[in-house]
2 protein chains.
Amino acid sequence: MKKVLLLGAGLSTFHLVEYLAQIPDMQLTIADALLENAQKRAAPYSHIKAIQVGDIEQIEKAIEKTDAVISMLPPTLHVQIAKFCLKHQKHLLTASYLSEEMKALHQEAMSKNILFLNECGLDPGIDHLSAMAYIHDLQNRGETIVGFESYCGGLVAPLSDNNPWHYKITWNPRNVVVAGQGSMATYLQDGVVKLVPYGRLFQTVTPISIEDYGNFVAYPNRNSLQYAELYGLKNVKTLLRGTLRRPAFCAAWQELIEWGYTDDTTIIPNSENITYQQLFEQLQPNSALSPLYLEHWQYLGLLSAEKIGIEDATPAKVLQKAMQQNLKMQPQDQDMIVMVHRISTEKQTITAKLVVIGEGGERTAMSKTVGLPLAIATQLLVENKITLRGVQIPIQSELYQPILAELERYKIVFK
Amino acid sequence: MKKVLLLGAGLSTFHLVEYLAQIPDMQLTIADALLENAQKRAAPYSHIKAIQVGDIEQIEKAIEKTDAVISMLPPTLHVQIAKFCLKHQKHLLTASYLSEEMKALHQEAMSKNILFLNECGLDPGIDHLSAMAYIHDLQNRGETIVGFESYCGGLVAPLSDNNPWHYKITWNPRNVVVAGQGSMATYLQDGVVKLVPYGRLFQTVTPISIEDYGNFVAYPNRNSLQYAELYGLKNVKTLLRGTLRRPAFCAAWQELIEWGYTDDTTIIPNSENITYQQLFEQLQPNSALSPLYLEHWQYLGLLSAEKIGIEDATPAKVLQKAMQQNLKMQPQDQDMIVMVHRISTEKQTITAKLVVIGEGGERTAMSKTVGLPLAIATQLLVENKITLRGVQIPIQSELYQPILAELERYKIVFK
């Protein structure tokens, strides 16, 4: 009987736990800083244990007693967790981006014969699995890939879409607010490296249309250039990864950025006591122009006479509060995951589209698409069907073939 | 005989040393990381010593042997230097902005009966001295100040102005390139706090016209709000500090920002081998619009077929190189310092203007206006005419009266 430890029982672990629960000959323990969170996840299953891990020492003790660890904790903790896994010789699986510090542990993980599998969720995760399946298939047919575009977004399903943003918060709201800040987005377009500063990121968009689901746009996501080497695309002239939103979202968001609403470095004087309307006036350009997307801003409450009520707030914190209040998923709402790959060879362009609609409540498309790849990889590992060791992301056929096949059973399939 | 140590003998210490050299009963030692820099400054004066300080230990040893220290070293070193001054009970004078870490040393400096005088150069420096003289004068006449604006710029004098930017590098070029990055500029306008994000900083400008010198514009400088308390302006409704440039500079710079040329966080792929023209294409928006200020950009060489030649360069580093090459002061060029205060009471608005023209070579207006306040303050201190102790900036009449009087002898006088 293999023992698996799941660290973190928060939102979006519903499908992960549901899948893990039915793996034969496996003992799952769910650990969370709040015991009730862990208990709630474990409750439907008599054979799953729930424990509390209040600090890093308790996390280490729990790791010591297991065979493999799945971490859904904040990514900043993953290197520390990986070091415990090295010390006690345990496998580790996460859905988080592979960090440089994690990469540096590769040799040590190899020498201890353990697997640190990162980026095995949705995006990153299903993007790698599906892209590599298409890329290898085309390359095996002797075609040379000259263009690779990949877009993904977590959105609200059309049936639950009842606001002018055509968006609801289905993931970490802070990440939505500060998305694109930091280094310039970088991609390759017709052989030219393109650098896009934050100030025009949300107007540098690619239109994407999906039958039955309407129009989307994608803004460039971080550094796309690294995927040439990662995916083995030597002759590629266009290489772009982007985040999907509805067109109105990007247009209205672009204006929010121009006004300064996404700034997270400036403390607004007396922020606790001023109103949203007053902040609007403080950020208003001297030309006193109204934003073109005033309706969208009003919907967020950015023109309301209500007090902001946050001490030492930055504009980004105010915007996050407004979004959490006014773009909130309701219990009956359905979310939607959209992923699109557009791959060009010298002969053809193929477009692969994935749409997953949530079923309401905790059965979200986000939870399903993040949790299932991780859960399936765990089963493969527990059943000794993965020979890979060291620090990895799921780009090998050993991983993507069985995981994609299993996802298909859950209607997660590209068209 | 009092002993004074000058740390740093770089550019803009010409007038500082010239003034210090004629203070009676004072022994000046000039210390620099490069002995030849210190020797060059000391050379005209038989009674000035030049020494080398290769590391922080040697700086401490030099501080131990003196009575007062003037530091023209990079501001990041000043807290360390101040701690040595505390340890060995020496006064310290700088032209740099007062940092929070420096402020924290106030009580200790008081208890040791020493003065740490910061912000005693041009801007900060002469701005404080002159503003406080006007403010106290108006307040002493019973007037209530409702508006305070202060603008300053280091520019090229009209006779040496021969480029479309109407600008040449007369100060730290890196600071010119990254000016305005970080927190939003904050000021008060007709009773409303205004927050200006970097993305529209150089288009949020105030026009300033000066007879015989033509038109300027000022963009907001950091956080102006703190000056209400600092300058004792309780009833102020407008409070704005800004940096002066010629109008074309701000307009062309605004476009550089929008294109991403001032970004200092993104490493340009293969930056050493691509040309300026290629970077221009990489940063070009997808709409493929040309900038409106193409002539200005061409003047900087941003469209040239020359290789950039800097390894792992950010766009900001490339822009800095282009500016240093193409907006360079020539030996015969004259620089120009412009400072304007606009102070409104309930009865009147007074405008005070200072223009200082450099005399070419090392006799720059920048060196004169940064160095003389520091040198005069040093003389006052050496002659025991300053009773202030602790961490200070020059806003008391004890300082501004004698310093402004002496500056007037050097034709540094507001009109």
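The model is predicted, with local features requiring pLDDT of at least 70, side-chain atom pairs counted only at pLDDT 80 or more, and totals for chains, interfaces and linings using all residues. Residues are numbered from 1 along each chain as its sequence is written, chains are lettered from A and ligands numbered from 1 in the order in which they are written, and side-chain values use heavy atoms, without hydrogens and water.

**Interface of chains A and B**

- Contact (heavy atoms within 4.5 Å) involves 30 residues of chain A and 30 residues of chain B.
- About 2,200 Å² is buried between chain A and chain B, and carbon and sulfur atoms give 54% of that area; buried area is the accessible area (1.4 Å probe) that two parts lose on being put together, summed over both.
- Zero salt bridges are counted between chain A and chain B, where a salt bridge is a side-chain nitrogen of Lys or Arg within 4 Å of a carboxyl oxygen of Asp or Glu.

**Helix packing in chain A**

- Helix α3 (residues 56-64) and helix α4 (residues 78-88) of chain A have axes that come within 10 Å and cross at roughly 40 degrees. Therefore α3(A) is oblique to α4(A).
- Helices (H or I, at least four residues) and strands (E, at least two) are DSSP runs, numbered from the N terminus; axes are lines fitted to C-alpha atoms, for helices over the stretch in contact, with angles from 0 to 180 degrees between N-to-C directions.
- Angles under 35 degrees count as roughly parallel, over 145 as roughly antiparallel, 65 to 115 as roughly perpendicular and the rest as oblique.
- On the α3(A) side, A:I56, A:I59, A:E60, A:I63 and A:E64 meet A:Q80, A:I81, A:F84, A:C85, A:K87 and A:H88 of α4(A).

**Helix packing in chain B**

- The axes of helix α3 (residues 56-64) and helix α4 (residues 78-88) of chain B lie 10 Å apart, at an angle of about 40 degrees. The pair α3(B) and α4(B) is therefore oblique.
- Residues B:I56, B:I59, B:E60, B:I63 and B:E64 of α3(B) meet B:Q80, B:I81, B:F84, B:C85, B:K87 and B:H88 of α4(B).

**Backbone features**

- Most residues other than glycine have a negative phi, and most peptide bonds are trans.
- The peptide bond from A:D123 to A:P124 is cis, with omega near 20 degrees, and A:P124 is in the loop between β6 (115-117) and α7 (126-140) of chain A.
- In chain B, a cis peptide bond with omega of about 20 degrees joins B:D123 and B:P124.
- A:N384, a residue other than glycine, has a positive phi near 60 degrees.
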